[in-house]
Amino acid sequence: MKVTAGDVKRGENIVFKHAAACILCHTIKGQGSTVGPVLDGIATRGTKEYIRESLLEPNKVLAKGYEQLGISPMPPMGDIFSPQELADIQAFVMTLK
């Protein structure tokens with residue numbers, strides 16, 4: 001399947017409504033959980049590459065304030081989402097400035 005440019009609306013839908021929704025562990029716009037870091041402002045704190053790496057290899061660089069865990073509780077999102085869904089999630093997350 002050919003991956004097209006990420007779609008912000010599809011990404012937002014996944015982040016808030018998918019069975020493995022990001023909102024189950026992260027806080028966005030005052031909604032969600034504190035298991036993982038707050039994603040508000042992530043697009044100004046991290047590059048597009050950092051966000052992609054965090055989705056695919058969450059243990060590579062632990063988020064500030066979570067280093068003491070030693071391991072990320074987040075599974076590699078490539079095991080859950082298709083390449084297109086990952087592109088869509090990334091497109092949405094990049095709007096969180």
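I began with Phe92, which counts as buried because its relative accessibility is 2%. Here buried means under 20% relative accessible area, exposed over 50%, and partly exposed in between, with a 1.4 Å probe and protein chains only. I note that this is a predicted model: local features need pLDDT of at least 70, side-chain atom pairs count only at pLDDT 80 or more, and totals for chains, interfaces and linings use all residues. Residues are numbered from 1 along each chain as its sequence is written, and side-chain values use heavy atoms, with hydrogens and water left out.

**Aromatic pair.** I looked for rings of Phe, Tyr and Trp (its six-membered ring) with centres within 6.5 Å, where planes under 30 degrees apart count as stacked, over 60 as edge-to-face and the rest as tilted. I found one aromatic pair. Because Phe16 lies in helix α1 (residues 8-17) and Phe92 in helix α4, the pair ties together parts that are 76 residues apart in sequence. Helices (H or I, at least four residues) and strands (E, at least two) are DSSP runs, numbered from the N terminus.

**Cysteines.** I counted zero disulfides, a disulfide being a pair of cysteine sulfur atoms within 2.5 Å. For Cys22, the nearest cysteine sulfur is that of Cys25, 8.8 Å away. Cys22 counts as buried at 12% relative accessibility, whereas Cys25 counts as partly exposed at 34%.

**Lys29.** I checked its backbone and found phi near 55°, a positive value in a residue other than glycine. Lys29 is in the loop between β1 (27-28) and β2 (31-32), and it counts as exposed at 52% relative accessibility.

**Largest pocket.** I used a 1 Å grid over the protein atoms alone; a pocket is an open set of points where a 1.4 Å probe fits, with protein on both sides within 12 Å along at least five of seven lines, and lining residues have an atom within 4 Å of a point. The largest pocket holds about 700 Å³ of space, the volume being that filled by probe spheres set on the points. Its lining has 34 residues, and His26, Pro37, Leu39, Ser54 and Met74 lie nearest the centre. Two or more lining residues come from each of α2 (42-45), α3 (48-56) and α4 (83-93); α3 gives the most, with four. I sorted the lining into 27 nonpolar, five polar and two charged residues. Ala, Val, Leu, Ile, Met, Phe, Trp, Tyr, Cys and Pro count as nonpolar, Asp, Glu, Lys and Arg as charged, and the others, Gly among them, as polar.
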